[in-house]
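User: I'm new to this one and would like a friendly walk through it. Could you show it to me first?

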Amino acid sequence: GLQITSAKSSDGDIPEWIRKRDARLEAELEEIEEKIAEKGAFGGLILKMRRDSSKQGALDQQLQAAADKKFQGLRKWKFVFEDLRKWRIKSVDAAEVAREVSKGNAVLLDIREPRAFETNTATGAVNVPLYTSGIVGDTPWDLARKAAFTAFAMEGTERNPEFVSAVDALVGKGGGIFKRKPRVYVMCGIGGSLETSEERIAQGKPPSVYGDYGNASRSFMAIHDLYSAGYTNVAHLKGGFSQYKVDGLPVTGAPSPRANKQQ
């Protein structure tokens, strides 16, 4: 089977939580390989590569690159998580965010892709995507991602390198919207959490995905970028847009589930 390796961190051995993730990811990649091999033309390509030993190495290299990138992401989230906890970033209930936005006291920043924003978003939200559509580059990691997205008829995304500058242009720390509405709430699709497993279990909630490092999300990644760039009055919309809709709060586009039930 595919053997996964990952470089050690600069400050010593790989932490236990990453070693556990290594083992789990190895099992998941083997399962994904089997599932993709059953999928149409791309599955046929993988089977052909398996029969051709000279190409098998290229496939393994792509999968290995994908695994290494995943490990890098996990390590990056650990540091992001620690920074956000240190900065005491608040997660605010959707209802409170909606009230502040409706009063004109805050900016609600929807960081989802433009297509999702245009289909349905919180009333009064503005859009600056943290990720943009399309995958560029031809590294083994890029090729692996392109192949995986193509196999499942999905569109790949890349981190938006202009995210902070786009927020500056739209919101503006020194003027514009931000001058009138100094707090920025950040919203993604799912929200994430900075609570550890121990904290969540004490509240009767399921444990965190990353144990002592909460549940990663794009909104938290965006907040980390913004805070680092000087947006210190930034907060997180708890539960993301999915919770916002469940709470029946005002939206543009398709109505929220609760609003449908009340009609």
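Analyst: Let's start with a term: buried means under 20% relative accessible area, exposed means over 50%, and partly exposed is in between (1.4 Å probe, protein chains only). This is a predicted model, where local features need pLDDT of at least 70 and side-chain atom pairs count only at pLDDT 80 or more, while totals for chains, interfaces and linings use all residues. Residues are numbered from 1 along each chain as its sequence is written, and side-chain values use heavy atoms, with hydrogens and water left out.

User: Is Asp 93 buried, partly exposed or exposed?

Analyst: The relative accessible area of Asp 93 is 44%. That lies between the 20% and 50% cut-offs, so Asp 93 is partly exposed.

User: Which side chain does Asp 93 meet in a salt bridge?

Analyst: A salt bridge is a side-chain nitrogen of Lys or Arg within 4 Å of a carboxyl oxygen of Asp or Glu. Here the N to O distance is 3.3 Å. Asp 93 sits in the loop between β1 (91–92) and α4 (94–102) and its partner in the loop between β8 (234–237) and α11 (240–246), so the pair ties together parts 145 residues apart in sequence (helices, H or I of at least four residues, and strands, E of at least two, are DSSP runs numbered from the N terminus). The partner, partly exposed at 40% relative accessibility, is Lys 238.

User: How many salt bridges are there by this rule?

Analyst: Asp 110 and Arg 112, both buried, form one with the closest N and O atoms 2.8 Å apart. Glu 195, Arg 200 and Lys 205 are linked in a network of them. By this rule the count comes to nine.

User: Which residue forms a salt bridge with Glu 113?

Analyst: The closest N and O atoms of that pair are 2.7 Å apart. Glu 113 is in the loop between β2 (106–110) and α5 (114–119), and the partner is in helix α10, 105 residues away. With a relative accessible area of 33%, the partly exposed partner is Arg 218.

User: Are the rings of Trp 77 and Phe 220 stacked, edge-to-face or tilted?

Analyst: Rings of Phe, Tyr and Trp (its six-membered ring) pair if their centres lie within 6.5 Å; planes under 30 degrees apart count as stacked, over 60 as edge-to-face and the rest as tilted. The structure holds five such aromatic pairs. In this one the centres are 6.3 Å apart and the planes at 45 degrees, so the pair is tilted.

User: How many residues apart in sequence are the parts that Trp 77 and Phe 220 tie together?

Analyst: Trp 77 is buried at 1% relative accessible area, and Phe 220 is buried at 0%. Trp 77 lies in helix α3 (residues 53–86) and Phe 220 in helix α10 (residues 218–228), so the parts they tie together are apart by 143 residues.

User: Is Arg 88 buried or exposed?

Analyst: Arg 88 is in the loop between α3 and β1. Its phi is near 55 degrees, a positive value in a residue other than glycine. At 71% relative accessibility, Arg 88 counts as exposed.
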